[in-house]
Amino acid sequence: MQKYEFSLPMPTKKEHIDDFVKINKKLTKSEITSLFFALPINSPDITRFEQIRTILEKVTYFDYWKEIIEKAKENNFDVIYLLNSSRPLLIQSSFLSTQLEKLDILIKNLLASGCNKVRISNLQLLAYIAKKYPEVEIYVSTTLEYNYLRQYENLIKFFPQIKQIVLSHEVNKNFKLIKKIGRASCR
């Protein structure tokens, strides 16, 4: 029997991973398979490539999240880090080199904790990570917002290492387009 797979936001406490395990044991037709997150905006370790949606009262460094990631991985959950800000990289900006340094540290920390998946919407950032970190699995975010088959064909052609594309809300029910994208990715 095929199960429906779900991805949920990463909990902020590692004890909540146990709750997800209990839910999975109760379900027969569905399963939580992955958890996604980005460091909160008040984390000193943030890269600013994240599309920030959360702030925690407690300031959390990456080490706080490392324990949660490791617990999730121990319980067979995939962990996906969200680098899905759609802002372009400003090459002339002096701030960019600082961002890239923080990104390199973050990716090394993610890999060391067992997380090798990132969700990206910025093509410049995608190219940087694909070249520098071939061991990282790249997932494309909804915020890329492509609407046409040719856009997806070019994306797959230039970045064959993409493992997953999440379609934007405007096209995720366009089954004709989805079938064509599936055929294009199999070429």
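These legends walk through close-up views of one predicted model.

In this predicted model, local features need pLDDT of at least 70 and side-chain atom pairs count only at pLDDT 80 or more, while totals for chains, interfaces and linings use all residues. Residues are numbered from 1 along each chain as its sequence is written, and side-chain values use heavy atoms, with hydrogens and water left out.

**View 1. Six strands build an open parallel sheet.**
The order across the sheet is E1-E2-E3-E4-E5-E6. Strand E1 (4-9) and strand E6 (162-165) are the edge strands, each pairing on one side only. From one strand to the next, the twist averages 30°. Helices (H or I, at least four residues) and strands (E, at least two) are DSSP runs, numbered from the N terminus; two strands pair if DSSP finds at least two bridges between them. Axes are lines fitted to C-alpha atoms, for helices over the stretch in contact, and angles run from 0 to 180 degrees between N-to-C directions.

**View 2. E1, H1 and E2 make a right-handed β-α-β unit.**
Here E1 and E2 run parallel, joined by six bridges. Look for proline 9, whose bridge partner in E2 is phenylalanine 36. Right-handed means that, with the strands pointing away from the viewer, the path from the first strand over the helix to the second runs clockwise.

**View 3. E3 and E4 pair in the parallel sense, and a helix packs on the sheet.**
Four bridges link strand E3 (residues 78-83) with strand E4 (residues 117-120). Leucine 82 stands opposite arginine 119 in E4. Helix H1 (residues 15-26) packs on the sheet, where it touches E1 and strand E2 (30-37), and its direction makes about 155° with that of E2. Contact means heavy atoms within 4.5 Å.

**View 4. Strand E5 (residues 137-140) runs parallel to E6.**
Three bridges join E5 and E6, and tyrosine 139 has glutamine 164 as its bridge partner in E6. Between E5 and E6 the chain passes through helix H5 (residues 149-158), in a right-handed β-α-β crossover.

**View 5. The largest pocket holds about 420 Å³ of space.**
Fifteen residues line this pocket, and the closest to its centre are Ile165, Val166, Leu167, Ile178 and Ile181. E6 and helix H6 (175-185) are the elements that give two or more residues to the lining, with H6 contributing the largest share, five residues. By class, the lining has ten nonpolar, four polar and one charged residues. Ala, Val, Leu, Ile, Met, Phe, Trp, Tyr, Cys and Pro count as nonpolar, Asp, Glu, Lys and Arg as charged, and the others, Gly among them, as polar. On a 1 Å grid over the protein atoms alone, a pocket is an open set of points with protein on both sides within 12 Å along at least five of seven lines, a cavity is a set where a 1.4 Å probe fits but cannot get out, and lining residues have an atom within 4 Å of a point. Grid points are joined across faces, edges and corners, and a volume is the space filled by probe spheres set on the points.

**View 6. The structure holds one cavity of 30 Å³ or more.**
The largest cavity is lined by Ile107, Leu110, Leu111, Cys115, Asn116, Lys117, Val118 and Val136. Helix H3 (94-112) and E4 each supply at least two of the lining residues, and H3 gives the most, with three.
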